[in-house]
Amino acid sequence: MGKLFNVSSSPHVRSSHTTQAIMFDVAIAMLPASIYGVWQFGMHALLVLIATVVSCVLSEYIFEKLMKKPITVYDGSAVVTGMILALNMPPQIPVWMPCLGGVFAIIIVKQMYGGLGQNWMNPALAARCFLLISFAGKMTTFTEPFSDAVASATPMAMLKAGEQVDVTAMFIGRIPGTIGEVSVIALLIGAAYLVFRKVITLRIPLTYIATVAIFAAIYSGFDVSYILAHLCGGGLIFGAFFMATDYVTSPITPKGQIVFGIALGLLTGLFRIFGGSAEGVSYAIIFCNILVPLIEKFTLPTAFGKKGGKK
């Protein structure tokens with residue numbers, strides 16, 4: 001009878017998905033957008049990408065070395081943070097600015113709260129918002145594709161001003177914008193890879209995108225081109241698949257993920273249409289990161305063997 005029972009310490013359910021493997025997959029998934037951004041905006045975009053990743057990795061290594069903590073740079077999370085931050089940068093931004101953002105992301109947002117798994121907001125997006133506040137001019141100056149000198153308004157800024165935009169160009173990526181957000185095709189290729197590898201589920205991204213679509217439809221009187229412009233522009237696809245799905249700063253419960261996606265969509269719509277800026281994805285995600293503990297509190301399923309409801 002004793003052979004039927006095996007006593008062991010937890011965890012009793014194990015997975016082959018290690019932190020390092022997951023981060024490696026996320027980095028691979030961002031390669032199409034990275035390659036497209038460098039091809040369209042030139043070698044300075046590549047320099048921004050490399051320098052930002054290096055600043056994040058070095059910040060983590062030096063901080064942990066000085067604090068006599070275990071070195072965790074090999075898990076790949078600092079590389080992913082650096083890539084996300086770099087892909088959110090204007091292509092011609094001075095390199096030292098995203099490097100400063102990388103230091104802020106790793107030390108202030110991540111390490112000061114205990115390292116990976118303890119940060120309460122997405123480090124890369126927190127750093128982007130920090131840079132937007134500190135260097136608003138440089139962070140909101142975008143150049144035309146295949147040009148390093150001609151400044152131009154993004155499609156979202158044009159849409160907010162009441163101008164017409166080319167949705168096809170937005171889908172392909174022949175538009176001004178940040179290094180990694182411009183090509184919806186490249187981002188969807190990376191997103192498909194993450195879904196195929198089972199790194200992410202579609203609950204948050206699809207709920208987020210659908211909510212933005214409904215918000216834009218109601219506001220525009222169901223103008224199809226207006227709706228598609230909101231879906232293809234401003235980093236919505238990048239944010240939905242690569243940032244809102246961050247394991248640490250998103251809900252773990254299925255119902256909570258749906259609530260999270262709806263909240264993201266509502267805030268993004270409000271920020272974009274009624275706010276002072278044409279963009280709203282980064283701020284929406286950070287704000288909803290703060291709400292995650294509350295969302296999980298009300299969406300946590302009842303434990304097996306316990307009655308639901310209040311007594």
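Predicted model: local features only at pLDDT ≥ 70, side-chain atom pairs only at ≥ 80, totals over all residues.

Me: Why is the aromatic pair of phenylalanine 104 and phenylalanine 130 called stacked?

Reply: The planes are 5 degrees apart and the centres 4.3 Å. Centres within 6.5 Å make a pair, and planes under 30 degrees apart count as stacked, so this pair is stacked. It links helix α5 with helix α6, the two residues being 26 apart.

Me: And why is the pair of tyrosine 219 and tyrosine 226 called tilted?

Reply: Here the planes are 35 degrees apart, with 6.1 Å centre to centre. Stacked needs under 30 degrees and edge-to-face over 60, so the pair is tilted.

Me: How do you know whether serine 183 is buried or exposed?

Reply: Its relative accessible area is 5%, and under 20% means buried, so serine 183 is buried. Serine 183 lies in the loop between α9 and α10, and a polar atom of its side chain is 2.9 Å from the backbone oxygen of isoleucine 172.

Me: What makes α2 and α10 roughly antiparallel?

Reply: Their axes cross at roughly 160 degrees. Angles over 145 count as roughly antiparallel, so the label applies to α2 and α10. Among the residues making the contact are Tyr36 of α2 and Leu187 of α10.

Definitions and conventions: Residues numbered from 1 in each chain as written. Heavy atoms only, no water. Axes fitted to C-alpha atoms, helices over the stretch in contact; angles between N-to-C directions. Helix = DSSP H or I, 4+ residues; strand = E, 2+ residues; numbered from the N terminus. Parallel < 35°, antiparallel > 145°, perpendicular 65-115°, else oblique. Contact = heavy atoms within 4.5 Å. Buried < 20%, exposed > 50% of the residue type's maximum accessible area, 1.4 Å probe, protein only. Polar contact = N/O pair within 3.5 Å; in protein donor to acceptor, adjacent residues only side chain to side chain. Phe/Tyr/Trp six-rings, centres within 6.5 Å; stacked < 30°, edge-to-face > 60°.
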